[in-house]
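Subject: Structure handover

Hello,

Here is the structure we discussed, with the sequence alongside. My notes on what turned up follow below it.

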Amino acid sequence: MAINLAAPGRLPRAVCALVLALGVCAPAWAERTDIDVRVLARGAKFIGGYTASASVTLTDADTGEVLARGLTQGTTGDTERILKGGVNGDGRLASGDSAVFKASLDLKSARRVTATVTGPLSQPQAATTVVSTQWVLPGRHVTAGDGWLLELPGLIVDLVQPAAYQWSDKNSSVPLQAAVTMMCGCGLSENGPWKVGDTEVEASVSINGKPQPVQKLAFDAASGKFATQIKTQGPGIYEVEVRAWAGPTNNAGVARTAFFVH
């Protein structure tokens with residue numbers, strides 16, 4: 001093919017036509033790629049909410065570029081569906097209102113994407129972080145079933161009594177009371193899905209830095225909390241660490257406080 005080099009504008013058009021005809025060097029167009037990220041409390045339900053649920057960050061695993069970030073939003077889901085592993089064998093745990101973070105990426109090429117989730121944000125003393133990486137392809141939505149499902153381990157331990165740094169008298173007893181739930185906020189009970197009998201709760205107390213014998217907390221069905229009494233032995237600072245352990249799910253949780261005795 002003869003090309004008139006003197007004719008302005010003809011060379012680029014001719015070369016472009018030739019290149020496109022050969023099917024090479026075609027421009028790469030970004031394709032919309034949707035990703036649904038859900039966060040499941042280990043052994044329980046989805047971590048839901050709207051302002052303090054679980055944070056999700058999607059990054060390029062190779063460059064560190066942040067691709068999307070936000071919060072899971074929605075409910076903790078359908079208890080029966082989750083505990084049965086789906087309905088009619090479909091294996092899908094999420095229902096229409098289950099908490100999810102929805103992202104839409106414009107991808108020109110396949111990328112290794114890392115999802116980092118942290119929660120529950122409403123209980124910072126209990127928050128844990130899980131990281132997962134997978135290939136994401138342009139135009140191939142990660143939305144089927146439960147989407148990109150990550151599981152957060154742990155238990156929420158929330159101290160009700162004593163108030164932090166309160167003053168108490170020596171030779172008295174200070175009530176210690178703690179609420180323990182699954183990471184989704186699902187409560188423990190004697191006969192419910194998440195049984196009290198599967199969970200051990202104990203308190204480690206130190207007085208002026210000296211460790212004392214570990215105390216067991218007993219479950220009070222009326223209040224739905226675990227409780228004991230700390231006997232004071234003299235003046236000083238009493239530091240308390242409450243530990244919860246659920247052996248069947250390998251979940252643990254910790255909360256700490258301190259109070260003064262004069």
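Please keep in mind throughout that the model is predicted.

Tyr-165 is one of three residues in a single aromatic cluster, together with Trp-167 and Phe-260. The search over the whole structure gave four aromatic pairs. In one of them, the ring centres of Tyr-165 and Phe-260 lie 5.4 Å apart with the planes at 35°, so the pair is tilted. The two residues come from distant parts of the chain, 95 residues apart: Tyr-165 is in the loop between strand E8 (155-161) and strand E9 (167-168), and Phe-260 is in strand E17 (residues 251-261). Phe-260 is partly exposed, at a relative accessible area of 25%.

Phe-260 also pairs with Trp-167: here the centres are 4.8 Å apart and the planes at 25°, so the pair is stacked. A stacked pair requires planes under 30 degrees apart. Since Trp-167 belongs to strand E9 and Phe-260 to strand E17, this pair ties together parts that are 93 residues apart in sequence. Trp-167 counts as exposed because its relative accessibility is 56%, the cut-off for that class being over 50%.

**Overall numbers and confidence**

The protein chain contains two helices and 17 strands. Of its 262 residues, 40% are buried. Taking contacts between residues at least 6 apart in sequence, 65% join residues at least 24 apart.

The average pLDDT of the chain is 91, and 89% of the residues score at least 70. Residues 1-11 have a pLDDT below 50, and this stretch makes three contacts in the model beyond near neighbours in sequence. Residues 16-23 also stay under 50, with two contacts beyond four places in sequence. Where pLDDT is low, the predicted coordinates should not be read in detail.

**Strand pairing**

An open sheet is formed by three strands in the order E4-E1-E7, with mixed pairing. Strand E4 (101-107) and strand E7 (148-152) are the edge strands, each pairing on one side only. From one strand to the next, the twist averages 25°. The pairing of strand E1 (residues 31-41) with E4 is antiparallel and runs over seven bridges. Within E4, Phe-101 is the residue opposite Val-37.

Strand E2 (residues 55-60) and strand E3 (residues 66-71) are also paired in the antiparallel sense, over five bridges. Thr-59 has Val-66 in E3 as its bridge partner. The hairpin of E2 and E3 has five residues between the strands, and in it Gly-64 takes a positive phi near 80°.

**A buried glutamine**

Is Gln-177 buried or exposed? Gln-177 counts as buried, because its relative accessibility is 17% and the limit for that class is under 20%. Gln-177 sits in strand E10 (residues 173-182). Leaving aside residues up to four places away in sequence, Gln-177 touches Asp-158, Leu-159, Val-160 and Gln-161, and also Ser-223, Lys-225, Phe-226 and Ala-227.

Most residues other than glycine have a negative phi, and most peptide bonds are trans. The exceptions noted here are as follows.

- The peptide bond from Gly-119 to Pro-120 is cis, with omega near -5°; Pro-120 is in the loop between strand E5 (111-119) and strand E6 (128-136).
- Gln-161 and Pro-162 are joined by a cis peptide bond with omega about 0°; Pro-162 is in the loop between E8 and E9.
- Asn-88 has a positive phi near 55°. Asn-88 is in the loop between helix H2 (79-83) and E4, and at 80% relative accessibility it counts as exposed.
- Asn-208 is not a glycine either, and its phi is positive at about 50°. Asn-208 is in the loop between strand E11 (199-207) and strand E12 (210-211).

Regards

Definitions and conventions
Residues numbered from 1 in each chain as written. Predicted model: local features only at pLDDT ≥ 70, side-chain atom pairs only at ≥ 80, totals over all residues. Heavy atoms only, no water. Pairing = 2+ DSSP bridges. Helix = DSSP H or I, 4+ residues; strand = E, 2+ residues; numbered from the N terminus. Axes fitted to C-alpha atoms, helices over the stretch in contact; angles between N-to-C directions. Phe/Tyr/Trp six-rings, centres within 6.5 Å; stacked < 30°, edge-to-face > 60°. Buried < 20%, exposed > 50% of the residue type's maximum accessible area, 1.4 Å probe, protein only. Contact = heavy atoms within 4.5 Å. pLDDT = per-residue confidence, 0-100.
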